[in-house]
Amino acid sequence: MSLLDIDVREKAFGSTVVLHDIKLSLDNGEAAVLLGPSGCGKSTLLRIAAGLDKRFSGSVSVRAGQHGTTSTTPPVAFVFQEPRLMPWLTVAQNIGFADGTKFDSTRVAGLIADVGLTGHASTLPKALSGGMAQRVAIARALYTEPRILLLDEPFSAVDAFTRMKLQDLVLRLVEQRGISFLLVTHDIDEALYLGDRIYMMGAGDGGIQHDLSVDVARPRDRRAARLAELKSDVLTALQAAHVI
């Protein structure tokens, strides 16, 4: 039974249809990736999954309870492309800021340690590097203890080495907590390293052109020959979808 089901028959901005006939699911504990070029509708689809955009034809549902109950308001957390921290709040205050949720100093302290920011609880965002700020954003998303994490190109604004460290951080944290995630990216290597299933979107057609299972056990080695083979398959599928 899927944890999250997305069925978008049509999403349009004015007279321009940006998404159509999309069906995808996210199983419990699964890591799924939306891969495609800029402007293909990946982020729009992610916002629909998060319940941030309800102006579409279709449905989004999640089995939120322990006994498989279904809700139209998914217990999800969202990590944006940029950290979006409140500059007047400290690291700890940014992490523990959640509507309707009491500030839990013990949980905040644990998350600060989990994301490698021990000693920075009282630091303001202006004193953080880009990678540190995104760690705070990840910790803030985990504060509400979601079952699903939605990530919109969360590593695109940092250097390549920091990007790899953040990828490993996310994998470790979601595995520890049993969280499923859906990630948007246009980076093929990132998709293959992080995802169990990759949904590929074409350029300007608004649909899922191909999906691929990544049959590589975790923990993964970025140098694995099988990942290189799968990258060839992804490139072939993207070429067929006229993305490259």
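Me: Where is the place of H242?
Reply: This is a predicted model, with residues numbered from 1 along each chain as its sequence is written. Local features need pLDDT of at least 70, side-chain atom pairs count only at pLDDT 80 or more, totals for chains, interfaces and linings use all residues, and side-chain values use heavy atoms, with hydrogens and water left out. Helices (H or I, at least four residues) and strands (E, at least two) are DSSP runs, numbered from the N terminus. On that numbering, H242 is in the segment after α7.

Me: Phi of H242 is a positive value in a residue other than glycine; is H242 buried or exposed?
Reply: Phi here is near 60°. Buried means under 20% relative accessible area, exposed over 50%, and partly exposed in between (1.4 Å probe, protein chains only). H242 comes out at 67%, so the label is exposed.

Me: And R84, what is its relative accessible area?
Reply: R84 is another non-glycine residue with a positive phi, near 55°. You'll find R84 in the loop between β6 (76-79) and α2 (91-95). R84 is classed as partly exposed because its relative accessible area is 48%.

Me: Which residues is N94 in contact with, leaving aside neighbours within four places in sequence?
Reply: N94 is found in helix α2, and with a relative accessible area of 0% it counts as buried. Contact means heavy atoms within 4.5 Å. Under that cut-off, the partners of N94 are L85, M86, L89, P125, V136 and R140.

Me: How far apart are the end C-alpha atoms of α4?
Reply: The expected span of a helix is 1.5 Å times one less than its number of residues. For the 14 residues of α4 that gives 20 Å, which agrees with the model's 20 Å.

Me: What does α5 reach from its first C-alpha to its last?
Reply: α5 covers residues 160-177, which is 18 residues. At its start, a side-chain oxygen of D159 reaches to within 3.0 Å of the backbone nitrogen of F161. Just after the helix, G178 takes a positive phi of about 65°.

Me: Which residues that line the second largest pocket are closest to its centre?
Reply: A pocket is an open set of points on a 1 Å grid over the protein atoms alone, where a 1.4 Å probe fits, with protein on both sides within 12 Å along at least five of seven lines; lining residues have an atom within 4 Å of a point. α5 gives the most to this lining, with five residues. Of the 16 lining residues, the closest to the centre are L171, R172, V174, E175 and R218.

Me: R218 is joined to P219 by a peptide bond; what is omega there?
Reply: P219 lies in the loop between β10 (208-213) and α7 (225-240). The bond between R218 and P219 is cis, with omega at about 0°.

Note on methods. A polar contact is a pair of N or O atoms within 3.5 Å; within protein, one must be able to donate a hydrogen and the other to accept it, and residues adjacent in sequence count only if both atoms are side-chain atoms.
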